[in-house]
Amino acid sequence: MDIQIGRGKTARRAYGIDEIALVPGLRTLDPVLADTHWTVGGIDREIPIIASAMDGVIDVGMAVHLSQLGALGVLNLEGIQTRYADPNPILDRIASVGNDGFVTLMQELYAEPIKAELITQRIQEIKQQGGIAAVSATPIGATKYGETVAKAGADLFFIQATVVSTAHLSPETVTPLDLANFCLEMPIPVILGNCVTYEVTLNLMKAGAAAVLVGIGPGAACTSRGVLGVGIPQATAIADCAAARDDYHRDTGNYVPIIADGGLITGGDICKCIACGADGVMIGSPFARAKEAPGRGYHWGMATPSPILPRGTRIKVGSTGTLEQILRGPAQLDDGTHNLLGALKTSMGTLGAKNLKEMQQVEVVIAPSLLTEGKVYQKAQQLGMGK
(Lines give C-alpha, C1' and ligand atoms only; values in the text may rest on other atoms or scores of the structure.)
Protein backbone atom coordinates (compact mmCIF):
# COMPACT_ATOMS: atom_id res chain seq x y z
CA MET A 1 0.00 0.00 0.00
CA ASP A 2 1.31 3.44 -0.96
CA ILE A 3 1.96 6.02 1.74
CA GLN A 4 1.25 9.69 1.07
CA ILE A 5 4.43 11.73 1.60
CA GLY A 6 2.58 14.94 0.80
CA ARG A 7 0.26 16.35 -1.85
CA GLY A 8 1.20 14.87 -5.17
CA LYS A 9 3.83 12.43 -3.85
CA THR A 10 3.25 8.90 -2.60
CA ALA A 11 5.79 6.23 -1.66
CA ARG A 12 5.91 2.48 -1.25
CA ARG A 13 7.19 1.05 2.04
CA ALA A 14 10.45 -0.86 1.55
CA TYR A 15 12.19 -3.18 3.99
CA GLY A 16 15.80 -3.84 4.88
CA ILE A 17 17.36 -7.13 5.93
CA ASP A 18 17.43 -6.03 9.58
CA GLU A 19 13.63 -5.60 9.56
CA ILE A 20 12.66 -9.16 8.67
CA ALA A 21 12.85 -12.62 10.24
CA LEU A 22 12.52 -16.17 8.93
CA VAL A 23 9.78 -18.46 10.25
CA PRO A 24 10.29 -22.22 10.85
CA GLY A 25 7.86 -24.47 9.01
CA LEU A 26 6.37 -27.86 9.79
CA ARG A 27 9.64 -29.79 9.48
CA THR A 28 13.31 -29.55 10.31
CA LEU A 29 16.27 -31.45 8.88
CA ASP A 30 19.83 -32.26 9.81
CA PRO A 31 22.09 -29.47 8.46
CA VAL A 32 24.31 -32.04 6.73
CA LEU A 33 21.37 -32.73 4.40
CA ALA A 34 21.09 -29.08 3.32
CA ASP A 35 22.30 -28.70 -0.27
CA THR A 36 23.78 -25.24 -0.85
CA HIS A 37 25.06 -25.79 -4.39
CA TRP A 38 24.24 -23.25 -7.07
CA THR A 39 25.32 -22.46 -10.62
CA VAL A 40 26.38 -19.09 -11.98
CA GLY A 41 27.50 -18.66 -15.57
CA GLY A 42 27.60 -22.43 -15.99
CA ILE A 43 30.02 -22.82 -13.06
CA ASP A 44 28.82 -24.98 -10.16
CA ARG A 45 29.82 -23.93 -6.65
CA GLU A 46 29.08 -25.48 -3.28
CA ILE A 47 28.85 -22.12 -1.51
CA PRO A 48 26.51 -19.40 -2.86
CA ILE A 49 28.85 -16.63 -1.74
CA ILE A 50 30.94 -14.36 -3.97
CA ALA A 51 33.66 -12.07 -2.65
CA SER A 52 33.27 -8.51 -3.90
CA ALA A 53 35.55 -7.01 -6.53
CA MET A 54 37.18 -4.61 -4.09
CA ASP A 55 40.88 -3.94 -3.70
CA GLY A 56 40.86 -4.56 0.04
CA VAL A 57 39.18 -7.94 -0.51
CA ILE A 58 40.48 -9.69 -3.61
CA ASP A 59 43.89 -10.24 -5.10
CA VAL A 60 45.17 -13.25 -7.01
CA GLY A 61 45.81 -15.30 -3.87
CA MET A 62 42.36 -14.63 -2.41
CA ALA A 63 40.66 -15.50 -5.72
CA VAL A 64 42.50 -18.82 -5.86
CA HIS A 65 41.84 -19.67 -2.19
CA LEU A 66 38.12 -18.88 -2.48
CA SER A 67 37.91 -21.16 -5.50
CA GLN A 68 39.57 -23.95 -3.55
CA LEU A 69 37.12 -23.50 -0.66
CA GLY A 70 34.06 -23.84 -2.90
CA ALA A 71 33.18 -20.16 -3.31
CA LEU A 72 34.18 -17.44 -5.77
CA GLY A 73 36.12 -14.18 -5.73
CA VAL A 74 35.98 -11.36 -8.28
CA LEU A 75 39.06 -9.29 -9.18
CA ASN A 76 38.62 -5.56 -9.81
CA LEU A 77 40.13 -4.81 -13.22
CA GLU A 78 40.17 -1.07 -12.56
CA GLY A 79 41.93 -1.22 -9.22
CA ILE A 80 45.36 -1.46 -7.68
CA GLN A 81 46.08 -4.94 -9.05
CA THR A 82 46.01 -3.77 -12.68
CA ARG A 83 47.63 -0.36 -12.19
CA TYR A 84 50.80 -1.52 -10.39
CA ALA A 85 53.03 -4.50 -11.17
CA ASP A 86 53.75 -4.76 -7.43
CA PRO A 87 50.65 -3.61 -5.54
CA ASN A 88 52.05 -4.29 -2.07
CA PRO A 89 53.74 -0.91 -1.44
CA ILE A 90 50.56 0.81 -2.64
CA LEU A 91 48.39 -1.23 -0.28
CA ASP A 92 50.79 -0.41 2.56
CA ARG A 93 50.33 3.32 1.86
CA ILE A 94 46.54 2.99 1.84
CA ALA A 95 46.62 1.19 5.18
CA SER A 96 48.97 3.70 6.80
CA VAL A 97 47.41 7.06 5.82
CA GLY A 98 45.21 8.93 8.28
CA ASN A 99 41.51 9.51 7.73
CA ASP A 100 41.98 13.15 6.77
CA GLY A 101 44.36 12.38 3.92
CA PHE A 102 42.74 9.18 2.73
CA VAL A 103 40.53 10.40 -0.13
CA THR A 104 43.28 12.57 -1.60
CA LEU A 105 45.77 9.70 -1.46
CA MET A 106 43.29 7.34 -3.13
CA GLN A 107 42.68 9.82 -5.94
CA GLU A 108 46.44 10.07 -6.45
CA LEU A 109 47.06 6.31 -6.42
CA TYR A 110 44.15 5.47 -8.71
CA ALA A 111 45.25 8.09 -11.23
CA GLU A 112 47.94 5.64 -12.34
CA PRO A 113 46.80 4.21 -15.71
CA ILE A 114 45.36 0.70 -15.98
CA LYS A 115 47.69 -1.57 -17.92
CA ALA A 116 46.20 -4.16 -20.28
CA GLU A 117 49.19 -6.43 -19.82
CA LEU A 118 48.54 -6.57 -16.07
CA ILE A 119 44.93 -7.57 -16.73
CA THR A 120 46.19 -10.48 -18.79
CA GLN A 121 48.83 -11.33 -16.19
CA ARG A 122 46.42 -11.38 -13.22
CA ILE A 123 43.88 -13.55 -15.04
CA GLN A 124 46.58 -16.00 -16.08
CA GLU A 125 48.02 -16.09 -12.54
CA ILE A 126 44.63 -17.11 -11.16
CA LYS A 127 44.13 -19.76 -13.85
CA GLN A 128 47.63 -21.17 -13.49
CA GLN A 129 46.98 -21.81 -9.79
CA GLY A 130 43.72 -23.61 -10.50
CA GLY A 131 41.39 -20.76 -9.56
CA ILE A 132 38.25 -19.50 -11.22
CA ALA A 133 39.10 -16.23 -12.96
CA ALA A 134 36.12 -13.95 -12.37
CA VAL A 135 36.80 -10.28 -13.09
CA SER A 136 34.89 -7.00 -12.87
CA ALA A 137 34.87 -3.69 -14.71
CA THR A 138 32.61 -0.68 -15.15
CA PRO A 139 30.74 -0.31 -18.46
CA ILE A 140 33.48 2.03 -19.68
CA GLY A 141 36.13 -0.46 -18.58
CA ALA A 142 34.28 -3.27 -20.31
CA THR A 143 34.36 -1.32 -23.56
CA LYS A 144 38.12 -0.79 -23.26
CA TYR A 145 39.21 -4.16 -21.92
CA GLY A 146 36.55 -6.70 -22.89
CA GLU A 147 38.65 -8.15 -25.70
CA THR A 148 41.70 -8.37 -23.43
CA VAL A 149 39.69 -10.23 -20.79
CA ALA A 150 38.34 -12.71 -23.32
CA LYS A 151 41.76 -13.41 -24.84
CA ALA A 152 43.30 -13.89 -21.40
CA GLY A 153 40.88 -16.74 -20.70
CA ALA A 154 38.73 -15.32 -17.90
CA ASP A 155 35.81 -17.49 -16.78
CA LEU A 156 33.27 -14.80 -15.82
CA PHE A 157 32.97 -11.08 -16.54
CA PHE A 158 31.08 -8.83 -14.13
CA ILE A 159 30.01 -5.42 -15.45
CA GLN A 160 29.30 -3.30 -12.39
CA ALA A 161 28.36 0.29 -11.65
CA THR A 162 26.29 2.07 -9.02
CA VAL A 163 23.34 1.63 -11.40
CA VAL A 164 23.38 -0.25 -14.71
CA SER A 165 20.52 -0.12 -17.20
CA THR A 166 19.90 -0.94 -20.84
CA ALA A 167 18.54 2.58 -21.45
CA HIS A 168 21.60 4.74 -20.76
CA LEU A 169 21.63 8.23 -22.29
CA SER A 170 25.01 9.74 -23.15
CA PRO A 171 26.28 12.95 -24.74
CA GLU A 172 26.45 12.88 -28.53
CA THR A 173 30.23 12.55 -28.35
CA VAL A 174 30.03 9.36 -26.25
CA THR A 175 28.86 5.97 -27.48
CA PRO A 176 27.33 4.05 -24.56
CA LEU A 177 28.06 0.37 -24.08
CA ASP A 178 25.45 -1.78 -25.82
CA LEU A 179 24.93 -4.39 -23.11
CA ALA A 180 22.99 -6.80 -25.31
CA ASN A 181 25.62 -6.71 -28.04
CA PHE A 182 28.43 -7.05 -25.49
CA CYS A 183 26.83 -10.11 -23.87
CA LEU A 184 26.26 -11.62 -27.31
CA GLU A 185 29.83 -11.10 -28.51
CA MET A 186 31.71 -12.07 -25.34
CA PRO A 187 32.77 -15.74 -25.39
CA ILE A 188 32.29 -15.96 -21.60
CA PRO A 189 29.23 -15.36 -19.39
CA VAL A 190 28.57 -11.72 -18.44
CA ILE A 191 27.00 -10.77 -15.10
CA LEU A 192 25.33 -7.35 -15.00
CA GLY A 193 24.58 -4.96 -12.14
CA ASN A 194 23.69 -3.22 -10.08
CA CYS A 195 19.95 -2.72 -10.00
CA VAL A 196 17.07 -2.74 -7.50
CA THR A 197 13.84 -2.86 -9.52
CA TYR A 198 11.73 -5.44 -11.33
CA GLU A 199 11.74 -3.63 -14.66
CA VAL A 200 15.49 -3.07 -14.91
CA THR A 201 16.20 -6.66 -13.83
CA LEU A 202 13.93 -7.94 -16.57
CA ASN A 203 15.64 -5.73 -19.16
CA LEU A 204 19.12 -6.88 -18.10
CA MET A 205 18.03 -10.49 -18.43
CA LYS A 206 16.63 -9.82 -21.89
CA ALA A 207 19.99 -8.25 -22.77
CA GLY A 208 21.70 -11.57 -22.07
CA ALA A 209 22.90 -11.30 -18.48
CA ALA A 210 24.15 -14.60 -17.06
CA ALA A 211 23.24 -13.28 -13.60
CA VAL A 212 22.06 -9.97 -12.15
CA LEU A 213 23.53 -8.13 -9.14
CA VAL A 214 21.00 -6.51 -6.80
CA GLY A 215 21.85 -3.69 -4.40
CA ILE A 216 22.53 0.04 -4.50
CA GLY A 217 24.37 1.60 -1.59
CA PRO A 218 24.07 -0.90 1.29
CA GLY A 219 27.76 -1.84 1.36
CA ALA A 220 29.73 -1.31 4.56
CA ALA A 221 32.15 1.13 2.89
CA CYS A 222 29.70 2.65 0.40
CA THR A 223 28.37 6.19 0.84
CA SER A 224 26.20 6.38 -2.31
CA ARG A 225 22.98 6.56 -0.32
CA GLY A 226 24.30 9.54 1.62
CA VAL A 227 25.90 11.27 -1.38
CA LEU A 228 23.19 10.55 -3.95
CA GLY A 229 20.12 9.67 -1.88
CA VAL A 230 19.57 6.65 -4.12
CA GLY A 231 18.72 3.07 -3.16
CA ILE A 232 16.11 0.57 -2.00
CA PRO A 233 16.55 -1.49 1.19
CA GLN A 234 17.81 -4.94 0.32
CA ALA A 235 14.89 -7.16 1.40
CA THR A 236 12.48 -5.33 -0.89
CA ALA A 237 14.99 -4.96 -3.72
CA ILE A 238 15.81 -8.68 -3.72
CA ALA A 239 12.15 -9.71 -3.66
CA ASP A 240 11.29 -7.38 -6.56
CA CYS A 241 14.23 -8.52 -8.69
CA ALA A 242 13.59 -12.19 -7.88
CA ALA A 243 10.04 -11.75 -9.14
CA ALA A 244 11.48 -10.57 -12.46
CA ARG A 245 13.73 -13.63 -12.57
CA ASP A 246 10.79 -15.96 -12.00
CA ASP A 247 8.64 -14.25 -14.63
CA TYR A 248 11.52 -14.31 -17.12
CA HIS A 249 12.08 -18.01 -16.42
CA ARG A 250 8.39 -18.77 -16.89
CA ASP A 251 8.28 -16.92 -20.22
CA THR A 252 11.59 -18.09 -21.70
CA GLY A 253 12.69 -21.22 -19.83
CA ASN A 254 15.98 -19.46 -19.06
CA TYR A 255 16.85 -19.21 -15.36
CA VAL A 256 19.07 -16.21 -14.54
CA PRO A 257 20.38 -16.13 -10.95
CA ILE A 258 19.88 -13.11 -8.70
CA ILE A 259 22.88 -12.11 -6.55
CA ALA A 260 22.27 -9.91 -3.50
CA ASP A 261 25.20 -7.49 -3.38
CA GLY A 262 26.08 -5.35 -0.40
CA GLY A 263 25.27 -4.73 3.24
CA LEU A 264 25.68 -8.32 4.41
CA ILE A 265 27.79 -8.95 7.48
CA THR A 266 26.59 -12.12 9.21
CA GLY A 267 25.41 -15.59 8.29
CA GLY A 268 21.90 -14.49 9.23
CA ASP A 269 22.05 -11.68 6.66
CA ILE A 270 22.94 -14.21 3.96
CA CYS A 271 20.12 -16.54 5.00
CA LYS A 272 17.55 -13.75 4.88
CA CYS A 273 18.70 -12.64 1.42
CA ILE A 274 18.17 -16.13 0.03
CA ALA A 275 14.79 -16.35 1.76
CA CYS A 276 13.81 -13.11 -0.03
CA GLY A 277 14.64 -14.77 -3.35
CA ALA A 278 18.38 -14.44 -3.97
CA ASP A 279 20.27 -17.38 -5.48
CA GLY A 280 23.58 -16.19 -4.09
CA VAL A 281 25.17 -13.22 -2.37
CA MET A 282 28.18 -10.96 -2.90
CA ILE A 283 29.94 -9.73 0.24
CA GLY A 284 32.99 -7.57 0.89
CA SER A 285 33.73 -6.53 4.47
CA PRO A 286 33.43 -10.04 6.01
CA PHE A 287 36.20 -11.23 3.67
CA ALA A 288 38.24 -8.06 4.15
CA ARG A 289 38.65 -9.31 7.76
CA ALA A 290 40.49 -12.44 6.58
CA LYS A 291 44.18 -12.64 7.45
CA GLU A 292 44.90 -13.35 3.78
CA ALA A 293 43.00 -10.29 2.48
CA PRO A 294 45.10 -7.61 0.74
CA GLY A 295 43.54 -4.68 2.63
CA ARG A 296 45.70 -5.00 5.77
CA GLY A 297 42.59 -4.91 7.97
CA TYR A 298 40.92 -2.11 5.98
CA HIS A 299 38.07 -2.09 3.50
CA TRP A 300 37.08 0.59 0.97
CA GLY A 301 34.43 1.05 -1.68
CA MET A 302 34.97 0.87 -5.42
CA ALA A 303 33.88 4.49 -5.93
CA THR A 304 36.08 5.83 -3.13
CA PRO A 305 38.90 7.08 -5.41
CA SER A 306 36.59 8.94 -7.82
CA PRO A 307 38.36 12.15 -8.87
CA ILE A 308 35.02 13.98 -9.12
CA LEU A 309 32.58 12.64 -6.49
CA PRO A 310 33.86 9.96 -4.10
CA ARG A 311 31.04 7.66 -2.96
CA GLY A 312 32.87 5.41 -0.56
CA THR A 313 35.11 5.50 2.45
CA ARG A 314 37.74 3.39 4.17
CA ILE A 315 36.65 1.49 7.23
CA LYS A 316 38.81 -0.43 9.66
CA VAL A 317 37.55 -4.01 9.90
CA GLY A 318 40.59 -5.67 11.48
CA SER A 319 41.67 -9.27 10.93
CA THR A 320 39.56 -11.78 12.82
CA GLY A 321 40.60 -15.11 11.35
CA THR A 322 41.64 -17.03 8.29
CA LEU A 323 39.56 -17.09 5.14
CA GLU A 324 38.66 -20.72 5.82
CA GLN A 325 37.43 -19.88 9.33
CA ILE A 326 35.26 -17.08 7.97
CA LEU A 327 33.84 -19.17 5.16
CA ARG A 328 33.73 -22.74 6.47
CA GLY A 329 34.76 -22.57 10.14
CA PRO A 330 35.38 -23.57 12.77
CA ALA A 331 34.15 -20.24 14.12
CA GLN A 332 36.19 -18.40 16.71
CA LEU A 333 33.66 -15.57 17.08
CA ASP A 334 30.09 -15.67 18.36
CA ASP A 335 28.63 -12.80 16.32
CA GLY A 336 27.79 -14.64 13.09
CA THR A 337 30.78 -13.43 11.08
CA HIS A 338 32.61 -16.80 11.07
CA ASN A 339 31.58 -20.08 9.38
CA LEU A 340 29.13 -18.48 6.97
CA LEU A 341 28.49 -21.80 5.24
CA GLY A 342 27.73 -23.47 8.56
CA ALA A 343 25.28 -20.69 9.40
CA LEU A 344 23.48 -21.15 6.09
CA LYS A 345 23.25 -24.92 6.46
CA THR A 346 22.06 -24.68 10.07
CA SER A 347 19.43 -22.10 9.15
CA MET A 348 18.22 -24.27 6.28
CA GLY A 349 18.01 -27.22 8.66
CA THR A 350 16.06 -25.18 11.20
CA LEU A 351 13.65 -24.02 8.48
CA GLY A 352 13.36 -27.45 6.85
CA ALA A 353 14.78 -26.29 3.51
CA LYS A 354 16.61 -29.06 1.64
CA ASN A 355 18.06 -26.76 -1.03
CA LEU A 356 18.25 -23.11 -2.00
CA LYS A 357 14.99 -23.20 -3.97
CA GLU A 358 13.17 -24.38 -0.87
CA MET A 359 14.99 -21.75 1.18
CA GLN A 360 13.57 -19.10 -1.17
CA GLN A 361 10.07 -20.26 -0.26
CA VAL A 362 10.26 -20.02 3.54
CA GLU A 363 7.92 -17.67 5.38
CA VAL A 364 9.20 -14.16 6.10
CA VAL A 365 7.75 -11.77 8.67
CA ILE A 366 8.31 -8.10 9.39
CA ALA A 367 10.31 -8.01 12.64
CA PRO A 368 11.85 -4.61 13.47
CA SER A 369 12.82 -5.80 16.95
CA LEU A 370 14.49 -9.01 15.74
CA LEU A 371 18.05 -7.90 16.51
CA THR A 372 17.30 -6.01 19.75
CA GLU A 373 14.63 -8.07 21.55
CA GLY A 374 16.10 -9.51 24.77
CA LYS A 375 19.64 -8.43 23.88
CA VAL A 376 20.10 -5.73 26.52
CA TYR A 377 23.07 -7.45 28.18
CA GLN A 378 24.83 -8.18 24.88
CA LYS A 379 24.41 -4.55 23.85
CA ALA A 380 25.56 -3.20 27.20
CA GLN A 381 28.62 -5.47 27.28
CA GLN A 382 29.25 -5.28 23.51
CA LEU A 383 29.16 -9.05 23.13
CA GLY A 384 27.70 -11.30 20.42
CA MET A 385 24.92 -9.40 18.66
CA GLY A 386 25.68 -6.29 20.72
CA LYS A 387 29.04 -5.58 19.10
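**Residues, rings and a pocket**

Mentor: In this predicted model, Thr-236 belongs to helix α10, which covers residues 234-252.

Trainee: Is Thr-236 buried or exposed?

Mentor: The relative accessible area of Thr-236 is 8%. A residue under 20% is classed as buried. Thr-236 is therefore buried.

Trainee: Which residues beyond four places in sequence is Thr-236 in contact with?

Mentor: Neighbours within four places in sequence are set aside here. The contacts of Thr-236 are then Arg-12, Ala-14 and Tyr-15.

Trainee: What separates the C-alpha atoms of Lys-345 and Asp-30?

Mentor: Lys-345 is placed in helix α14, residues 340-351. Along the chain, Lys-345 and Asp-30 are 315 residues apart. For Thr-236 and Asp-30, 206 residues apart, the C-alpha separation is 30 Å. Between the C-alpha atoms of Lys-345 and Asp-30 it is 8.8 Å.

Trainee: Which backbone oxygen does the side chain of Lys-345 reach?

Mentor: Lys-345 has 19% relative accessibility and so counts as buried, the limit being under 20%. Among the residues that Lys-345 touches are Pro-31, Thr-36 and Glu-46. At 2.6 Å, the side chain of Lys-345 reaches the backbone oxygen of Ala-34.

Trainee: How are the rings of Phe-157 and Phe-182 arranged, and what is the angle between the planes?

Mentor: The count of aromatic pairs comes to 1. In the pair formed by Phe-157 and Phe-182, the centres are 5.7 Å apart. Planes over 60 degrees apart count as edge-to-face. The pair is edge-to-face, with an angle between the planes of 80°.

Trainee: Why does this pair tie together parts that are apart in sequence, and which elements hold the two residues?

Mentor: Phe-157 counts as buried at 0% relative accessibility, and Phe-182 counts as buried at 11%. The two residues lie in separate elements, so the pair ties together parts 25 residues apart in sequence. Phe-157 is in strand β9 (residues 156-160), and Phe-182 is in helix α7 (residues 179-185).

Trainee: Over which ring does the charged end of Arg-314 sit?

Mentor: The charged end of Arg-314 is 4.5 Å from the centre of the ring in question. That ring belongs to Tyr-298.

Trainee: Which elements give two or more residues to the lining of the second largest pocket?

Mentor: The second largest pocket holds about 930 Å³ of space. Its lining comprises 34 residues, and those closest to its centre include Thr-266, Gly-268 and Lys-272. The elements that give two or more residues to this lining are β3 (20-23), α11 (267-275) and α14.

Methods:
Residues are numbered from 1 along each chain as its sequence is written. This is a predicted model: local features need pLDDT of at least 70, side-chain atom pairs count only at pLDDT 80 or more; totals for chains, interfaces and linings use all residues. Side-chain values use heavy atoms; hydrogens and water are left out. Helices (H or I, at least four residues) and strands (E, at least two) are DSSP runs, numbered from the N terminus. Buried means under 20% relative accessible area, exposed over 50%, partly exposed in between (1.4 Å probe, protein chains only). Contact means heavy atoms within 4.5 Å. A polar contact is a pair of N or O atoms within 3.5 Å; within protein, one must be able to donate a hydrogen and the other to accept it, and residues adjacent in sequence count only if both atoms are side-chain atoms. Rings of Phe, Tyr and Trp (its six-membered ring) pair if their centres lie within 6.5 Å; planes under 30 degrees apart count as stacked, over 60 as edge-to-face and the rest as tilted. A charge sits over a ring if NZ of Lys or CZ of Arg is within 6 Å of the ring centre and within 35 degrees of the ring normal. On a 1 Å grid over the protein atoms alone, a cavity is a set of points where a 1.4 Å probe fits but cannot get out, and a pocket is an open set with protein on both sides within 12 Å along at least five of seven lines; lining residues have an atom within 4 Å of a point. Grid points are joined across faces, edges and corners, and a volume is the space filled by probe spheres set on the points.
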